[in-house]
Amino acid sequence: MFGPIGMQEMLLIMAAALLIFGPRKLPELGRTLGRGMAEFRRATSDLKRSIDVELDEEKRPAPARRIETPKRSASVSDPASSKKSRESGAGAPSDPAV
């Protein structure tokens, strides 16, 4: 039931604990021990989960990066459009005095 510890050994340990801690402190000690074990289990499961997430992220291929080419201005690609913009006055500094 408890591995290598038999029933006689368990009774001896319980009797020693009862004599050492007393009947009033024993339930409180058991509760504290149970809470500590539950917290330990929670911490180990959280650690395992975070390790699994990190390993999954490393195994996942990196997303393909999109390489953007610099856009050409209208004057370089189409000389006719730059001529039109110069004739219409687009790009010319405005004179506030006029």
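This is a short tour of one chain, stop by stop, for use with the viewer open.

**Before you start**

The model is predicted: local features need pLDDT of at least 70, side-chain atom pairs count only at pLDDT 80 or more, and totals for chains, interfaces and linings use all residues. Residues are numbered from 1 along each chain as its sequence is written, and side-chain values use heavy atoms, with hydrogens and water left out.

**Stop 1: the whole chain**

Show the chain as a cartoon. You will find 3 helices and 0 strands. Along the sequence the pattern reads α-α-α. Helices here are DSSP runs of H or I with at least four residues, strands are runs of E with at least two, and both are numbered from the N terminus.

The chain exposes about 9800 Å². Carbon and sulfur atoms supply 61% of that area. Accessible areas come from the Shrake-Rupley method with a 1.4 Å probe, and for residues only the protein chains shown count as cover. Of the 98 residues, 3% count as buried. Buried means under 20% relative accessible area, exposed means over 50%, and partly exposed lies in between (1.4 Å probe, protein chains only).

**Stop 2**

Select residues 7–59, which make up helix H1. How far apart are the end C-alpha atoms of H1? They are only 49 Å apart, although the helix has 53 residues. A straight helix would reach 78 Å at 1.5 Å a residue. That expected span is 1.5 Å times one less than the number of residues.

Next, select Gly-22. Here H1 bends by about 105 degrees. The bend is the angle between axes fitted to the seven residues ending at a residue and the seven starting there.

**Stop 3: Leu-26**

Stay in H1 and pick Leu-26. Is Leu-26 buried or partly exposed? Leu-26 counts as partly exposed because its relative accessibility is 28%. Which residues does Leu-26 touch, leaving out those up to four places away in sequence? They are Ala-17, Leu-18 and Phe-21. Contact means heavy atoms within 4.5 Å.

**Stop 4: a nonpolar patch**

Select Leu-19, Ile-20, Phe-21 and Leu-29. They form a nonpolar patch on the surface. Together they have about 450 Å² of accessible area. Patches are made of residues with over 30% relative accessible area and no salt bridge; like charges are joined within 9 Å, nonpolar side chains (Val, Leu, Ile, Met, Phe, Trp, Tyr) within 5 Å.

Focus on Ile-20, also in H1. Ile-20 counts as exposed because its relative accessibility is 64%.

**Stop 5: salt bridges**

Side chains of opposite charge can pair when their charged atoms come close. A salt bridge is a side-chain nitrogen of Lys or Arg within 4 Å of a carboxyl oxygen of Asp or Glu. The count comes to 3. Show side chains and visit each pair.

- Lys-25 and Glu-28: the closest N and O atoms are 4.0 Å apart. The pair sits 3 residues apart in H1, so about one helical turn separates them. Lys-25 is partly exposed at 48%, and Glu-28 is partly exposed at 42%.
- Arg-42 and Glu-39: the closest N and O atoms are 2.7 Å apart. Both lie in H1, 3 residues apart, about one turn of the helix. Arg-42 is partly exposed at 47%, and Glu-39 is partly exposed at 45%.
- Asp-46 and Arg-49: the closest N and O atoms are 3.0 Å apart. Again in H1, they are 3 residues apart, about one helical turn. Asp-46 is partly exposed at 40%.
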